[in-house]
Amino acid sequence: MGIYSERVLPRIIDVACGLPVNERLRRRVCAGLRDRVVEIGFGSGHNVPYYPESVKSVTAVEPADGGWRLAAKRLAQSSIPVQRSGLDGQSLPFPDNSFDAALSTWTLCTIPEMSAALAEIRRVLVPGGTFHFVEHGLAPDAKVQTWQHRLNPVQKTLFGGCNLNRDIADAVEQAGFEVRELDRFYEESAPKFLGSQYLGVAVSP
Ligand SMILES: C[S@@+](CC[C@H](N)C(=O)[O-])C[C@H]1O[C@@H](n2cnc3c(N)ncnc32)[C@H](O)[C@@H]1O
């Protein structure tokens with residue numbers, strides 16, 4: 001990892017992901033997490049304050065040391081044990097059926113092979129385990145999609161490989177999950193090409 005991705009980008013992500021507008025979405029997506037949880041793309045730990053009491057432990061998968069360092073304050077205030085283990089959502093170092101729930105917030109956009117990460121999440125969840133996600137991605141409107149496709153190369157270059165135009169719900173279904181809840185909406189504080197959100201819970205068969 002270079003200086004930009006290790007030192008600069010985690011700080012940009014920390015500020016952008018820490019915006020107050022995200023708080024209610026974090027609260028919603030974390031509701032229902034329980035027992036052993038794996039969080040993919042932990043970043044600087046902005047979800048930590050929203051883990052419900054039903055969570056017994058969290059395993060954090062995060063490639064950027066800089067992000068993990070920025071999480072220190074939030075981790076110190078958490079009563080739920082959080083352990084960093086694993087650097088890449090595409091290849092998780094855990095046995096099958098290790099977790100009761102998984103969490104991903106604004107991370108599937110960045111993982112190079114999203115389908116590999118979803119297959120790994122499914123593999124490490126117990127049957128009936130839940131995958132909770134809030135992600136930006138492909139918009140429902142054709143005009144917005146056109147801009148998303150146009151701007152995608154710039155977005156990827158500036159923001160660590162982040163894609164604007166991934167169909168998150170379709171990818172979750174293609175990975176074999178049953179999507180139990182799904183809310184699609186535009187986050188009003190962001191331009192539509194960036195603010196098209198997918199918030200949901202999917203169940204591993
Ligand atoms: C936009 S940030 C979101 C961080 C955090 N989930 C949040 O909501 O604040 C995307 C995160 O995905 C991480 N990431 C990038 N590639 C990854 C990979 N292959 N596996 C797991 N996480 C990855 C980045 O380092 C970054 O922390």
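In which strand is Gln197 found? Gln197 belongs to strand β7, residues 196–203, where helices (H or I, at least four residues) and strands (E, at least two) are DSSP runs numbered from the N terminus. The model is predicted, so local features need pLDDT of at least 70 and side-chain atom pairs count only at pLDDT 80 or more, while totals for chains, interfaces and linings use all residues. Residues are numbered from 1 along each chain as its sequence is written, and side-chain values use heavy atoms, with hydrogens and water left out.

Gln197 has a relative accessible area of 6% and is therefore buried (buried is under 20% relative accessible area, exposed over 50%, partly exposed in between, with a 1.4 Å probe and protein chains only). Its side chain makes a polar contact of 2.9 Å with that of Trp106; such a contact is a pair of N or O atoms within 3.5 Å, where within protein one must be able to donate a hydrogen and the other to accept it, and residues adjacent in sequence count only if both atoms are side-chain atoms. Leaving aside residues up to four places away in sequence, Gln197 touches residues including Val134, His136 and Asp183 (contact means heavy atoms within 4.5 Å).

Strand β7 is part of an open, mixed sheet of seven strands, ordered β3-β2-β1-β4-β5-β7-β6. The edges are β3 (82–84) and β6 (178–186), each with a single partner strand, so one side of each has no neighbour in the sheet. From one strand to the next, the twist averages 15 degrees. Two strands pair if DSSP finds at least two bridges between them; β1 (residues 35–40) and β4 (residues 99–105) pair in the parallel sense over four bridges. Ile40 has Ser104 as its bridge partner in β4.

Helix α2 (residues 23–30) lies across β4, β5 (125–136), β6 and β7, at about 160 degrees to β4; axes are lines fitted to C-alpha atoms, for helices over the stretch in contact, and angles run from 0 to 180 degrees between N-to-C directions.

The structure holds nine salt bridges, each a side-chain nitrogen of Lys or Arg within 4 Å of a carboxyl oxygen of Asp or Glu. One of them joins Asp183 and Arg28 at 2.9 Å, N to O. Asp183 is in strand β6 and Arg28 in helix α2, so this pair ties together parts 155 residues apart in sequence. Asp183 is partly exposed at 28% relative accessibility, and Arg28 is partly exposed at 39%. Arg34, Asp35 and Lys56 are linked in a network of salt bridges.
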